[in-house]
Amino acid sequence: MVTEKDITKFSEQCKQIFAQVERDVIGQKDIVEGTVIAMIAGGNVLLEGVPGVGKTRLVRSLGRVFNLPFSRIQFTPDLMPADVTGTNIIVKDESGNSSFRFQPGPIFSNIILADEINRATPKTQSALLEAMQEHTVTVMGVSRTLNEPFFVLATQNPIEQDGTYPLPEAQMDRFMFKLIVKNPSLDELMDIVNMTQKTMAEVADSACSGNELLAMRATANQIPVAQDVMRYAMTLCSATHPDSECASEAAKKYVRLGASPRAGQALISAAKVKALLKGRFNVAYSDVNELAYPVLRHRMKMNFEAIAGRVSADEVIRMILDELAKKYKIGSANEQPETPVSAQQTGNDDAAQQTSEQSDSAEQPANEEKGEKKKRRFAKK
């Protein structure tokens with residue numbers, strides 16, 4: 001059972017994490033918050049943005065803040081699966097006898113930075129599938145369990161297409177979030193340049209250990225979700241399918257394939273962490289709405305009409321949220337339901353009564369003034 005003490009401790013640890021990350025990363029608060037939410041919830045993150053916006057620096061800084069072993073894998077077209085997972089090598093003992101020994105690859109760490117993941121071939125990209133889902137690595141028929149907590153934080157450049165290989169759907173689905181890293185504002189750019197004139201290295205200190213992170217995850221898992229909110233979240237995921245019973249008009253028009261059940265799992269797990277960050281004991285509709293974009297944008301396949309009309313996945317998600325808002329009588333970014341008709345009528349009656357009273361009070365001095373004038377006329381006669 002989650003207590004107020006647990007929520008206070010959770011909130012304090014998150015404040016320390018964000019404070020330390022801000023020492024290395026200027027701006028990008030939504031990206032930092034989304035990445036931390038995914039790490040607490042136990043998910044993987046795909047960061048997409050043009051070169052130089054701080055994707056790699058953010059991941060390196062998080063490795064320092066969580067004080068966890070960190071591995072960076074630079075994905076290139078000639079990278080092989082064994083370069084990621086490791087392989088068996090022949091070693092000789094003191095007697096000269098040869099034997100096989102497993103040499104672990106960089107995947108055997110807690111935080112994995114898969115830099116420019118879309119530059120490796122599909123064969124190498126698939127080496128991450130088992131690790132991202134089952135947290136195990138199988139080499140030569142032997143499965144080895146990875147240390148917990150385990151995260152894959154990948155980056156990719158959406159601009160250059162030459163020499164890149166789009167991630168397969170099975171791998172995209174294993175990312176809890178896809179976060180779009182935007183260019184900094186003018187003030188943020190000035191702060192970045194001033195900061196890097198002093199040092200280019202990360203300066204963040206440790207704010208949370210691996211065991212504390214696992215404890216935060218256990219706390220978040222105990223947050224209750226109301227049945228109506230759960231149904232709303234699952235309806236949102238199902239509404240992305242053009243052929244489902246909950247299909248939205250936007251999905252029928254623009255979507256070829258909708259989100260998988262992993263989207264529902266990610267939405268609820270992340271919403272629990274989001275609720276704790278806001279100091280609440282329960283998940284609200286607004287938590288689901290805010291997380292819909294990073295959870296769904298990479299799990300939906302647009303059809304030809306969407307591509308030809310330049311309709312993005314985020315625009316389709318917004319249309320779906322608006323449709324569900326009308327159906328569930330909630331705001332697209334607000335968990336408060338509409339005011340019932342009876343309450344509205346009561347409010348209107350009160351307002352009418354108040355207006356009537358004000359009108360009467362305004363007419364009373366005018367009537368008194370007329371009466372005084374009549375008295376003066378009779379007095380003259």
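Good morning. Angles of 65 to 115 degrees between two axes count as roughly perpendicular. Please keep that range in mind as we look at this predicted model.

I begin with a pair of helices. Two packed helices are described by the angle between their axes and the distance between the axes. Here, helix α2, residues 29-41, packs against helix α9, residues 210-221, at an angle of about 85°, and their axes lie 8 Å apart. The two helices are therefore roughly perpendicular to each other. On the α2 side, the contact is made by Met 39, Ile 40 and Ala 41; α9 contributes Leu 213, Met 216 and Arg 217. By class, five of these residues are nonpolar, none is polar and one is charged.

Let us turn to the largest pocket. How much space lies in it? The value is about 760 Å³. The lining of this pocket comprises 26 residues, and the closest to its centre are Glu 48, Gln 156, Met 172, Lys 178 and Arg 297. Several elements give two or more residues to the lining, namely α7 (169-172), β9 (175-180), β11 (301-302), α14 (304-308) and α15 (313-328). The lining divides into twelve nonpolar, seven polar and seven charged residues.

Finally, a word on confidence. The mean pLDDT of the protein chain is 82, with 86% of its residues at 70 or more. Where does pLDDT stay under 50? One stretch is residues 332-363, for which the model has 17 contacts beyond four places in sequence. Another is residues 377-381, with zero such contacts.

Thank you for your attention.

Key:
Residues are numbered from 1 along each chain as its sequence is written. This is a predicted model: local features need pLDDT of at least 70, side-chain atom pairs count only at pLDDT 80 or more; totals for chains, interfaces and linings use all residues. Side-chain values use heavy atoms; hydrogens and water are left out. Axes are lines fitted to C-alpha atoms, for helices over the stretch in contact, and angles run from 0 to 180 degrees between N-to-C directions. Helices (H or I, at least four residues) and strands (E, at least two) are DSSP runs, numbered from the N terminus. Angles under 35 degrees count as roughly parallel, over 145 as roughly antiparallel, 65 to 115 as roughly perpendicular and the rest as oblique. Contact means heavy atoms within 4.5 Å. Ala, Val, Leu, Ile, Met, Phe, Trp, Tyr, Cys and Pro count as nonpolar, Asp, Glu, Lys and Arg as charged, and the others, Gly among them, as polar. pLDDT is the predictor's confidence in each residue, from 0 to 100. On a 1 Å grid over the protein atoms alone, a cavity is a set of points where a 1.4 Å probe fits but cannot get out, and a pocket is an open set with protein on both sides within 12 Å along at least five of seven lines; lining residues have an atom within 4 Å of a point. Grid points are joined across faces, edges and corners, and a volume is the space filled by probe spheres set on the points.
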